[in-house]
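Colleague: I am new to this structure and would like a close look at a single part of it. Could you take me through that part slowly, and show me how it sits within the whole?

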Amino acid sequence: MSEMTENEEKVPLWRLFLAMAKIGTFTIGGGYAMILIIQNEISKRGWLSEEEFPDLIALSQAAPGILAVNISIFTGYRLRGIPGAVAATLGSCLPPFLIVLAIALFLSGYADQPMVQKAFAGMRPAVVALIAVPMVKMARNSCKRWWQWGITAAAMALVAFLHVSPIYILIVVIVLGFALAYKLEKKR
């Protein structure tokens, strides 16, 4: 990711906190469902470019922990260092924590109610869309050649229909990438 610009250094901690609190408050489904909302919030403020966002996602996935929290940490750190990481993390975690706490305290006796179950069933398709849209955007930005689209489609099919572990797919693609790079280097 690129270095901070002078404008980015001036992002107030409270603004970073509120942006992440908005994301944490209004995103149901967490993790991947939050990616589109996070991307919209971060890019409309000019905190990250469209090209930098897939790198942020990859870095956040590689780090241990919850995806949305990792995204908050890395964004906050990029903008304001450690205080920014703390503010962004608190912003993304505090609202959902308070909401879950309120649900546990006041609504736990209503979980078996048909209306509550129907409300959650109605939210599922929206969560699927919130996960699918950023994945399609990242594929468009990352896949520039036909064979990249082929690898993407094959990996999706293997995971979705044949239940192949993504770990095996990554291992195979990494080995093939090294083998191809070695072969091309040897030709030179």
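Modeller: Let us begin with alanine 153, which is found in helix H7. The model is a predicted one, and in it alanine 153 has a relative accessible area of 45%, so it counts as partly exposed, a class that lies between the limits of 20% and 50%. Its C-alpha atom is separated by 32 Å from that of glycine 46, a residue 107 positions away along the chain.

Helix H7 covers residues 146-162, and the loop between it and helix H8 (166-187) holds histidine 163. This histidine has a positive phi of about 55 degrees, although it is not a glycine. With a relative accessible area of 64%, histidine 163 is exposed, because that value is over 50%. Further along, glutamate 185 forms a salt bridge with arginine 188, where the closest N and O atoms are 3.9 Å apart. Both partners are exposed, glutamate 185 at 52% relative accessible area and arginine 188 at 79%.

Of the 188 residues in the chain, 27% are buried, and among contacts with a separation of 6 or more, 60% join residues 24 or more positions apart.

The largest nonpolar core contains 20 residues, and those touching the most other members are Ile38, Ile42, Trp47, Phe53 and Ile71. At least two residues of this core come from each of helix H2 (13-26), helix H3 (35-44), helix H4 (53-62) and helix H5 (67-107), with H5 giving the most, namely five. Looking at one member in detail, phenylalanine 53 touches Ile35, Ile38, Gln39, Ile42 and Leu48, when residues up to four places away in sequence are not counted.

Helix H5 also holds arginine 78, which counts as buried because its relative accessibility is 9%, under the limit of 20%. The side chain of arginine 78 makes a polar contact of 3.2 Å with the side chain of glutamate 52. Leucine 98 lies in helix H5 as well, but at 46% relative accessibility it counts as partly exposed. Leucine 98 belongs to a nonpolar patch on the surface, whose members include Leu94, Phe97, Leu101, Phe106 and Tyr110, and the patch has about 1,000 Å² of accessible area together.

Charged side chains complete the picture. Side chains of opposite charge can pair when their charged atoms come close. The structure holds five salt bridges, and Lys22, Glu41, Lys44 and Arg45 are linked in a network of them. Glutamate 41 is buried, at 6% relative accessible area, whereas lysine 22 is partly exposed, at 38%. Glutamate 41 also meets lysine 44 in a salt bridge of 3.3 Å, N to O; because these two residues are three apart in helix H3, about one helical turn separates them. Lysine 44, for its part, is exposed, with a relative accessible area of 56%.

Terms used. Residues numbered from 1 in each chain as written. Predicted model: local features only at pLDDT ≥ 70, side-chain atom pairs only at ≥ 80, totals over all residues. Heavy atoms only, no water. Core = buried A, V, L, I, M, F, W, Y, C linked by side-chain atoms within 4.5 Å. Buried < 20%, exposed > 50% of the residue type's maximum accessible area, 1.4 Å probe, protein only. Helix = DSSP H or I, 4+ residues; strand = E, 2+ residues; numbered from the N terminus. Contact = heavy atoms within 4.5 Å. Patch = residues over 30% accessible without salt bridge, like charges linked within 9 Å, V, L, I, M, F, W, Y side chains within 5 Å. Areas by Shrake-Rupley, 256 points an atom, 1.4 Å probe, with all protein chains shown as cover. Salt bridge = Lys/Arg side-chain N within 4 Å of Asp/Glu carboxyl O. Polar contact = N/O pair within 3.5 Å; in protein donor to acceptor, adjacent residues only side chain to side chain.
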